[in-house]
Structure formats: structure tokens, C-alpha cells
Amino acid sequence: MSREIIRPHQFAAVKSASVLDDAELQLNQEQKDELKALYDSTTGTFQPGKPVQGTIVRIDSDGVLVDIKYKSDGLIPRFEFSDHELKKFVPGSEIEVILDQLENNDGNVILSYEKAKAMRAWDEIMKLFEENKPVEGMVTHKVKGGLSVDIGIPAFLPGSQIDLQRVTDFDRYVGQTIQASIIKINKKRGNVIISRRKFLNEQRSEVRKKILDTLQENQVIRGTVKNITNYGVFIDIGGVDGLLHITDMTWGRISHPSELVKIGETVSVKVLSFDKDNEKISLGLKQLTENPWEKVAEQLKVGSKIKGKISSITDYGLFVEIAKGIEGLVHISEVSWTDRINDLAGKFKVGQDIEVLVVSLDKENRRMSLSVKQLDKNPWESVAEQFKVGQKIKGVISNITDFGVFVQLMPGIDGLVHISDLSWTEHIDHPGDIYRRGQEVEAVILGIDKDNKKISLGIKQLAQDPWETIEQAYPVASIIEGVVSKITNFGAFIKLPIGIEGLVHISELSDQQVEKVEDILKVGQKAQFRVLNVSKQDRKLGLSLKLTPTVREERAPRPAGEPAPEGEKQHQNRAPKREKRAEAPAAAQQQQQQSVAPKSKSQFQLALEEHAARKDDDKDSSSQE
């Protein structure tokens, strides 16, 4: 293959018809002015830092491409636009921007939408702030302590200034367009603080003033349920809140206002009263209808029998609805003559039909007392006829308590045998230790109280009180047999055949000193004892294990008027103070017994007194010797 060699002179050769020299390229003054005018007309309108009007050419992921009638278009970054602004703009939309640079190092036009918006917004914000007018903006996102609102520039809306009421969920405001008052501006730092709460208060004040000027008593208006409390409902009647109290909601009875209305519901209410100065309005719902109690007073009479439906059950009674809006109360004491009802909900149900008797009717206060038990005859009326005090009866034990036993006399009528009336002699800790429910017993009627529906019974009264004949049955110095029932540190209790108990003091167990009672006596042991003293009035019996009396105990009582022996006189002279001390308490005791019923002493007190008396006697005997 042959090769063709191309020589340098064969290419890059220009044949010019004529060549201009430098002198010919110089422009005269007229040409320079014309060229300058042409340049200024093109670039004079495009000055860096100045706003220019443009048209959106394209919107993509890189940003927004804007035509400003220059030789090239400018691209604005996407981050300078909010989401709602990007949705608003479309290709062909007019937009105002700031020209940052006509040409950068790459020859591109640099534009800014954010700066143009801020420049325009600051002028408007300052004007609104000076004129005390609200600003409008869109909530863009939640920030610490509040919300960020776009009003041309980011403004801060504190959480406490979002609404008239306390707001906990800030997110529900994001994306909403709101109006707010400007409360603080710092242009140097670019900070603006706004308050929607202040704006709403000002709006409400204007609306409230207009409404109060046109409001009249007995006027029927419509409003929206704004808030529900335990005591009533707040109704918004066009920017003004009125109170619908729970007692003015219905002629009947409700437990809570939420039973009739719900938040956001529109209702018609009647203006009962209003205070223009304090801006307080009282509203009524039940006043829109006729008072049913006006008619019921004509239809119902005290003592009449009616039928109704149980509307609610409480701890203290039943509410029975007689007609719509009319309820009466059956108190728990009016349910039964005889049954002790503690749980009404277990016996009755809401919605149950029931027949009652009208006991009282108060039309002014809208109250009606009803009774179930008075539909039947009071069984206590016949109790006084069938039973008398002192009568012996037989009945079945229906209940046993700590304080006694209930015995059924007839269906629904029980009598109480108190624990103190179960036995003359036995010490009963609990009636359940001796009796059981369903057991048939015999008792004596001690008292009937028809008014208080009480019958007192006694079981021990079926037999004679053994203490009435104790002095004859066990005279002093007599020897008796008994069984040790209980041992204490001061002596032993002895149970006798007739059921009563006597006390043997530790000093009466032996002539020698006894340290422990258990060394001499054991529980259940039978032994013979000597009667030391008997007191029917105090129900006390003193015993001794020493069957042989001492010399002092053998001294017979001196007949009245007989002079005392010489030795006794000396003893009396030696101990006048002790006798006087004894006389004073005796006189005081006699005076107390005349005014107050005698109070029995315990066996322990008796034992201590006897022990102290013996010590005094021993001292007297030793001094006499």
C-alpha cells in the first residue's frame, strides 16, 4: 500500500480577499456610545443584590430553574423552598428572586428565592408589628418548646401561646395555616416571636362584646359544647362561653352531664341570666320544655300506689322513674320492714319494673319519697299484740355475733339475746362457742321497743339467779367442795356445783408461805374449802383451803350495846386512825351507792382487799401482844 505524504503548506491556508489593519478596527466616539447604550440596555436591569422577576422553567430534584430574561437561566436550590411552596409552584409560574451574582466563575447566574422572600417579609412584618395587626403563616414543624411558623421567615410560636387552653399535642397543628399576633421582633438576630393565644383573645373580646350587646334573657340561641365538667357544660355561643349547669339540663336526675351531651355537639339553650360586666352567662336546657312536676302534682297524691321503673341504684336507695323527667327515691330504710338489706344491687336491677307507695311529694324542690315496704302491713304493729314482756318463747337462732344471738320470733322479726344475758355464771368469750345457727332455743322477753324495732331476750332469766340464795346456800365458815377452774398468780378460782365461782387467795392456800399456786392446786382438782366471806351484792365469794379457822376468825360478833373487853379497847385505842380512815371511805361509798347503782368488783380486787386486811390484822395482833 502506498503512502501519501501531506505537506504543511497543504492545510491551514486561508485565502483572504482583504486584511484589516489595527487602524481600521478602532471605533469612533459615536460608535462607542451606541455600543454602551446597547450593553446597558441588556445588563442595566440585572444588578446583584436586587430583586428581579422571573418565570419558572423547570422543577426537579436539583431545584427550580428560573428564566430572568438573561442570556442564561438561574438554578435555585430546592432547600430554599418549603414543601407547600413546591406544591404551589408549577412551570410558568411567576416568581420574585434576588440576583446574587450575574455570573459566577462557571458563568452561571446565581439566584435566591429565600432572600427575596425574607426581604419582602421583613418589610411586611415590621409594618404589621407597628400597626398591631396579626400575621398569617403556616406551621412547618415542631421545635423545642413550641412550633416553627413560616410567615415569610421562620417565626417561633411558644407552646403556651398556641391556644386559649393548654395544648399537649403540638403535632396536630403542623401543616395548618394560622393567624397570630407579633409580640417580639429582633431584626438584627432575625428572630420573631408570635402568639396565637393573644390573637384569639382579641378576637373573642370583639365577638363577646357584640354578642353581649345583643343578648337578652329568655332568648333561645344555638351553641357548641366546648367542655364538660362534673358540675355542668360550657357552651360556645359565638366566641362567648356560657355555663349550662347540671341542674338546668333536665327535669329528671342525671349523674354526669356526659349522659346528655358530647363535646362538639350543637345544642339549643335558653339564656337564663347574664352579667355583662363580668361576662358571665347562665344557660338552661330543661327550660325549653314544660316542667313535668306541674302536672304530676295534680295526678299523684300522697298514699297512692304507682308503678315505675328503677333508673339507678345507689348505696342509700333506689331511684324510680314514674314518668319522663320525674323520679322518686325509695330510701334503703323503706325497702323492707324486717330484712336487713345492705346490698340493693343484689336484690334489684336497673330497668326493673316496681310498684311503690307515694310517701311525700315536694313539687317546689322536685322531690318525691317512695316506699316499697309500706305496700304491706307493718309486722311490728302485731308484735305488741302477740308478745309481752316476761313471756317465754321458743325460736331458731338466725344469726350469731360477737355481742349476742339473734332469735327469730316470727318471719322477719328477730330478738336479741345479749351475751350478758346468756348465763348467770359462765364467762362466755363468744356466743358461737356455745350456740350454732339454726339451733332452737328458749328465752324470756325482757323488753319490746316497737318504735326502734328492737326486742330484747334473755336465756339466763329462765333460771333463778344463784347469787340470790348464795348467803343461805354457802354461809360463812361452812365447808364446801369445788373444782379448780383457773389458776392465776394471786390465787385460784373454784367452781362450785351451782355454777358460780369463788376465789382462794394465795395467802389462804397454806399456813406456810406459798410461792406458786400450782405447787398446791392443779386445774381440775377437787378439794374442800372453807367459806371466808359472801357478798350477794358484789357477787363475790371468798374461800380458803385452810379448813380450820384462826383465833381471830373464831371471835364471835358482839351484840349491839355490849361493852368491848379491855384488850379490845386497848386495840381500838391503838388504832383509832385506821378506823377513822375506814369510816371515811365507808361513808363516801354509802353516799355513792345512794346516787349511783352498785358496781361489782372483780375477783382480783376482792383478793387484794382481803390480803391487805389480813396484813393489818397481823400487825394489830403483834402490837397487842
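# Reading the assignments one by one

Tutor: Across from D362, the residue in strand β20 is R367. The model is a predicted one, where local features need pLDDT of at least 70 and side-chain atom pairs pLDDT 80 or more, while totals for chains, interfaces and linings use all residues. Numbering starts from 1 along each chain as its sequence is written, and side-chain values rest on heavy atoms, without hydrogens and water.

Student: What makes strand β19 and strand β20 a pair?

Tutor: Two strands pair if DSSP finds at least two bridges between them. Strand β19 (residues 353-362) and strand β20 (residues 367-371) have 5 bridges and are antiparallel, so they meet the rule. Strands themselves are DSSP runs of E with at least two residues, helices are runs of H or I with at least four, and both are numbered from the N terminus.

Student: In what order do the strands of the barrel with β19 and β20 close?

Tutor: The order is β16-β17-β18-β20-β19, 5 strands with mixed pairing. Neighbouring strands of this sheet are turned by 50 degrees on average, direction ignored. The axes behind such angles are lines fitted to C-alpha atoms, for helices over the stretch in contact, and angles between N-to-C directions run from 0 to 180 degrees.

Student: Which strands close into the barrel that includes β21?

Tutor: That barrel has 5 strands in the order β21-β22-β23-β25-β24, again with mixed pairing. Its neighbouring strands are turned by 55 degrees on average, direction ignored. Strand β21 (residues 392-400) and strand β24 (residues 440-449) run antiparallel and are joined by 5 bridges. One of the bridge partners in β24 is E440, which pairs with V396.

Student: How do you know that the span of helix α5 agrees with its number of residues?

Tutor: The expected span is 1.5 Å times one less than the number of residues. For the 19 residues of α5 (residues 196-214) this gives 27 Å, and the end C-alpha atoms are 27 Å apart, so the two agree. At the start of the helix, a side-chain oxygen of S195 comes within 3.0 Å of the backbone nitrogen of K198. Among the buried residues of α5 are R196, F199 and L200.

Student: Why is R196 called buried?

Tutor: Buried means under 20% relative accessible area, exposed over 50%, and partly exposed in between, with a 1.4 Å probe and protein chains only. R196 has 17%, so it counts as buried. D163, at 22%, counts as partly exposed.

Student: What makes D163 and R196 a salt bridge?

Tutor: A salt bridge needs a side-chain nitrogen of Lys or Arg within 4 Å of a carboxyl oxygen of Asp or Glu. D163 and R196 are at 3.8 Å, N to O, and form one. D163 is in the loop between β8 and β9 and R196 in helix α5, so parts 33 residues apart in sequence are tied together.

Student: How many salt bridges does the structure hold?

Tutor: The count is 7. Another of them joins K142 and D171, with closest N and O atoms 3.7 Å apart. K142 belongs to strand β6 (residues 135-143) and D171 to the loop between β8 (154-158) and β9 (177-186), 29 residues apart.

Student: What makes D511 and K546 a salt bridge?

Tutor: Their closest N and O atoms are 3.9 Å apart, and the pair counts as a salt bridge. Salt bridges with shared partners join E508, D511 and K546 into one network. D511 has a relative accessible area of 68% and is therefore exposed.

Student: Why is the pair of Y316 and F319 called edge-to-face?

Tutor: Rings of Phe, Tyr and Trp (its six-membered ring) pair if their centres lie within 6.5 Å; planes under 30 degrees apart are stacked, over 60 edge-to-face, and the rest tilted. By this rule there are 7 aromatic pairs. In the pair of Y316 and F319, the centres are 6.2 Å apart and the planes at 85 degrees, so the pair is edge-to-face. F319, at 10% relative accessibility, counts as buried, while Y316, at 42%, counts as partly exposed.

Student: What makes the phi of N218 worth a remark?

Tutor: Most residues other than glycine have a negative phi. The phi of N218 is near 70 degrees, a positive value. N218 sits in the loop between α5 and β11 (220-228) and is exposed, with a relative accessible area of 52%. Phi of A477 is also positive, near 80 degrees.

How values were computed:
A polar contact is a pair of N or O atoms within 3.5 Å; within protein, one must be able to donate a hydrogen and the other to accept it, and residues adjacent in sequence count only if both atoms are side-chain atoms.
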